[in-house]
Amino acid sequence: MSTITLDKCEKYFGTKNIYKLFSVEKTATIHDVLKPFYRLLLQHHPDAASESEKPEAVDKMKVLKTLYNILGNPESRAEYDKNGFIDRELEIAVNQAVEGQMFCKPTTAEDIDTYRECYIGSRKERSDIKQEYLKGKGCMNHMIHKLHFMPCEDEPRLIAIVQEMIDTKEVPEYAAFTKEPKEKRARRHARYGREAALAQNMLKEQRRGLDPAAYEQKIAAERKDAFIAMIDSMEAKYRDNQEEIEI
């Protein structure tokens, strides 16, 4: 990659060696790079940064995206492996090939699982929890409905995270959270059960008339579409208006 990008890589992450940054060997496939890429992206995500840190966090996100794109393109990767950098024009061309994508969209169910694994417990998830807690003024129903990858069985983990924020005065204490009526909680859990049963019945109906392979493809496509919609909503917040990504 260009000297500008390498200088920023060293400034933000302490190295100009992108294999070291992603903790992978030079023989790693781009799929091997995906998990460390997601981990770094979620660790330095602008949503988890303060207002004063947000511009730098956005820049870090662009640098990480460029590094990932370089390794994902055979021509640019070969040039980087040979010279330790790539021509600026080639870097721009590689970025333009995936223009507008600050997050690498999944191509398989495994990619979605990889993102989920990296997201849970990340600074980004914690930031999302805080945001929805404040928006919903402590309403558990609101948080569980709005948060990504938050199944009903994760409710105890969600409660523990929010309670820690309250204890450290990071967020105000809302009675809707700390004094949630048992009846409201019971209704929510009952709804979980009804929705789970309904989902199972719908799956059975969908399965009818489809051979197993076609059914699995249908479910995978629906899951991928839902995940891409989530990624698109995050990209929209930080996408440049420029036609060319400036690093």
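This is a predicted model: local features need pLDDT of at least 70, side-chain atom pairs count only at pLDDT 80 or more; totals for chains, interfaces and linings use all residues.
**Entry 1: helix 3 against helix 4**

I began with the pair formed by helix 3 (residues 30–43) and helix 4 (residues 54–72). I found an angle of about 180° between them, with the axes 11 Å apart. Angles over 145 degrees count as roughly antiparallel, and helix 3 and helix 4 are therefore roughly antiparallel to each other.

Next I looked up who touches whom. From helix 3 I noted Ile30, Val33, Leu34, Phe37, Leu40 and Leu41; they meet Met61, Leu64, Lys65, Tyr68, Leu71 and Gly72 of helix 4. Sorted by class, this contact of helix 3 with helix 4 comes to 10 nonpolar, 1 polar and 1 charged residues.

**Entry 2: the cores**

Which residues have the most contacts inside the largest nonpolar core? I wrote down Phe13, Leu21, Phe22, Phe37, Leu64, Leu67 and Tyr80, in a core of 32 residues. Two of these names were already in my first entry: Phe37 and Leu64 also take part in the contact of helix 3 with helix 4.

At least two residues each come from helix 1 (3–13), helix 2, helix 3, helix 4, helix 6 (88–97) and helix 7 (109–119). Another core lies apart from it; this one has 16 residues, among them Leu158, Ile166, Tyr174 and Tyr192.

**Entry 3: helix 8 against helix 10**

On the helix 8 side I listed Glu125, Arg126, Ile129, Lys130 and Tyr133; on the helix 10 side, Arg157, Leu158, Ile161, Val162, Glu164, Met165 and Ile166. I count by class here too: the contact of helix 8 with helix 10 has 7 nonpolar, no polar and 5 charged residues. Leu158 and Ile166 in this list are also members of the 16-residue core.

**Entry 4: salt bridges**

How many salt bridges does the count come to? I get 16 salt bridges, and I followed up several of them.

Arg157 and Glu125 came up as a side-chain pair at 2.7 Å, N to O. Arg157 has 25% relative accessibility and counts as partly exposed, whereas Glu125 is buried at 2%.

Glu155 and Arg188 form another salt bridge, at 3.0 Å, N to O.

Arg185 is partly exposed, with a relative accessible area of 29%, while Glu180 is buried at 7%.

Finally, I noted a network of salt bridges linking Arg126, Lys130, Glu164 and Glu170. Arg126, Lys130 and Glu164 are already in my list for the contact of helix 8 with helix 10.

**Entry 5: Leu134 and Tyr174**

I picked out Leu134, which is found in helix 8 and counts as partly exposed at 33% relative accessibility. Where does the chain come back to meet Leu134? Leaving aside neighbours within four places in sequence, I see Leu134 in contact with Val171, Pro172 and Tyr174. Leu134 and Tyr174 are 40 residues apart in sequence, with 8.9 Å between their C-alpha atoms. Tyr174 is also one of the residues of the 16-residue core.

**Entry 6: positive phi outside glycine**

Two loop residues went on my backbone list. Ser23 has a positive phi of about 55°, although it is not a glycine. I located Ser23 in the loop between helix 2 (18–21) and helix 3, and it is exposed, with a relative accessible area of 67%.

Lys169 is my other case, with a positive phi near 65° in a residue other than glycine. Lys169 sits in the loop between helix 10 and helix 11 (175–178). At 73% relative accessibility, I have Lys169 down as exposed.

Conventions. Residues are numbered from 1 along each chain as its sequence is written. Side-chain values use heavy atoms; hydrogens and water are left out. Axes are lines fitted to C-alpha atoms, for helices over the stretch in contact, and angles run from 0 to 180 degrees between N-to-C directions. Helices (H or I, at least four residues) and strands (E, at least two) are DSSP runs, numbered from the N terminus. Angles under 35 degrees count as roughly parallel, over 145 as roughly antiparallel, 65 to 115 as roughly perpendicular and the rest as oblique. Contact means heavy atoms within 4.5 Å. Ala, Val, Leu, Ile, Met, Phe, Trp, Tyr, Cys and Pro count as nonpolar, Asp, Glu, Lys and Arg as charged, and the others, Gly among them, as polar. A salt bridge is a side-chain nitrogen of Lys or Arg within 4 Å of a carboxyl oxygen of Asp or Glu. Buried means under 20% relative accessible area, exposed over 50%, partly exposed in between (1.4 Å probe, protein chains only). A nonpolar core is a set of buried Ala, Val, Leu, Ile, Met, Phe, Trp, Tyr and Cys residues joined through side-chain atoms within 4.5 Å.
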